[in-house]
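Have it open alongside as you read, and go through the points in any order you like.

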Amino acid sequence: MNGLVKRLNALCDGMPFQTSWYLKDLGSGAQADRLGAVPVPSASTRKTSILMSALAAVHTGKLALDQKVTIEARYQDNDSGTFQFLTPGFWITLRDALVMMIIVSDNTCTGLVVDLVGLDNVQRYCDAVGMKSTIHRYGMPPKLSVGHSLEQVTTTTPQDQGLLLELILKGTTDAAVASRVQCTRELCRLGLDILSWQRLKTRLPSQLPLGTRVAHKTGTGPRGYNDAGIVFKGDRALYILTAFTENVPAALADGTPGFAAAYQVIGRMARMAWDDLGGA
């Protein structure tokens with residue numbers, strides 16, 4: 001993996017913004033990172049742990065996948081997803097709220113789910129599974145400028161997100177690991193499926209072969225663009241890659257929009273890993 005790591009770092013070094021990442025080759029078990037333990041704004045990558053904490057509450061009987069939840073206007077003052085535009089007062093099931101929270105990053109559903117689970121319980125969940133550098137500070141994200149401090153947002157690390165993804169994956173077949181994430185194997189499979197249904201594909205999947213299965217969650221904040229996921233070849237999980245960009249400018253010196261450059265870097269990293277770790 002040494003050659004791959006050098007190429008990944010060279011790619012990141014060439015950009016006028018910080019890119020931190022964590023990579024694990026699921027075939028050999030080799031892993032590497034760049035600033036992998038340094039906290040960064042999570043943006044919506046936080047929703048993977050919200051998803052799993054909700055499934056843990058389902059496992060204990062505190063919540064039910066088929067229970068009805070009402071979409072209230074107080075959750076719709078946000079700029080992510082689709083439910084912000086719908087007429088409030090309708091209901092969906094909790095399962096559907098979880099799906100929408102992940103696959104289109106719907107913040108109306110996210111605020112509702114966090115209230116159902118409890119923000120303190122989401123934090124306790126992260127602590128329990130070993131995500132020691134992840135701090136959940138809100139259900140609905142505040143509207144902040146580029147200059148916000150880390151203490152104003154939910155923070156995580158590339159390593160924490162990689163750990164959770166690996167536990168979910170292993171929990172689909174290993175009852176002991178499923179127990180560690182406070183779920184059953186069936187609930188871990190549901191969590192992995194929901195992540196695989198992701199509709200926002202402009203980052204990790206963007207340079208992979210069409211139809212490649214990627215179980216992932218994106219994140220977009222005022223300072224950066226993120227993606228964290230598991231890349232498969234057929235039914236075989238190849239690798240985990242979590243990538244976080246920070247302090248991305250509105251435009252690069254050549255006029256390229258900053259978000260496009262960040263997307264390109266994350267997509268290129270995923271392709272480099274694909275080519276080196278058995279995808280090609």
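1. Ground rules. This is a predicted model, so local features need pLDDT of at least 70 and side-chain atom pairs count only at pLDDT 80 or more, while totals for chains, interfaces and linings use all residues. Residues are numbered from 1 along each chain as its sequence is written, and side-chain values use heavy atoms, with hydrogens and water left out.

2. Salt bridges around R74. The count by this rule comes to 12 salt bridges. In one of them, E72 pairs with R74, the closest N and O atoms being 2.5 Å apart. R74 also forms a salt bridge with D115, at 3.8 Å between the closest N and O atoms. R74 sits in the loop between β4 (68–70) and β5 (91–93) and D115 in helix α4, so this pair ties together parts that are 41 residues apart in sequence. (Helices are DSSP runs of H or I with at least four residues, strands are E runs of at least two, and both are numbered from the N terminus.) As for accessibility, R74 is exposed at 56%, whereas E72 at 32% and D115 at 48% are partly exposed. The cut-offs are relative accessible area under 20% for buried, over 50% for exposed and in between for partly exposed, with a 1.4 Å probe and protein chains only.

3. E186 and R189 meet in a salt bridge at 3.7 Å, N to O. Both lie in helix α8, three residues apart, about one turn of the helix. E186 is partly exposed, with a relative accessible area of 48%, and R189 is partly exposed too, at 36%.

4. D25, worth a look. D25 belongs to strand β1 (residues 18–25). It is buried yet has no salt bridge, and R236, the nearest side chain of opposite charge, is 6.8 Å away. For that search Lys and Arg count as positive and Asp and Glu as negative, with His and the chain ends not counted. What does the side chain of D25 reach at 2.9 Å? The backbone nitrogen of G27. The D25 side chain also makes a polar contact with the side chain of S28, again given as 2.9 Å. A polar contact is a pair of N or O atoms within 3.5 Å; within protein, one must be able to donate a hydrogen and the other to accept it, and residues adjacent in sequence count only if both atoms are side-chain atoms.

5. The largest pocket. About 620 Å³ of space lies in it. Of the 35 lining residues, A43, P141, T220, G221 and P222 are the closest to its centre. β3 (40–41), β7 (214–220) and β9 (236–246) each supply at least two lining residues, and β7 gives the largest share, four residues. By class, the lining has 13 nonpolar, 15 polar and seven charged residues. Nonpolar covers Ala, Val, Leu, Ile, Met, Phe, Trp, Tyr, Cys and Pro, charged covers Asp, Glu, Lys and Arg, and the others, Gly among them, count as polar. A pocket is an open set of points on a 1 Å grid over the protein atoms alone, where a 1.4 Å probe fits, with protein on both sides within 12 Å along at least five of seven lines; lining residues have an atom within 4 Å of a point. Points are joined across faces, edges and corners, and the volume is the space filled by probe spheres set on them.

6. The second largest pocket. Its volume is about 240 Å³. S53, A57, K62, N121 and Q182 are the closest to its centre, out of 13 lining residues. Two or more lining residues come from each of α2 (47–59), α4 (107–117) and α5 (119–129), with the largest share, four residues, from α2. The lining divides into six nonpolar, five polar and two charged residues.

7. Backbone check. Q182 has a positive phi near 65° without being a glycine. Q182 is in the loop between α7 (175–180) and α8 (185–196), and is partly exposed at 32%. L35, also not a glycine, has a positive phi of about 55°. Its place is the loop between β2 (31–34) and β3, and at 40% relative accessibility L35 counts as partly exposed.

Key:
Salt bridge = Lys/Arg side-chain N within 4 Å of Asp/Glu carboxyl O.
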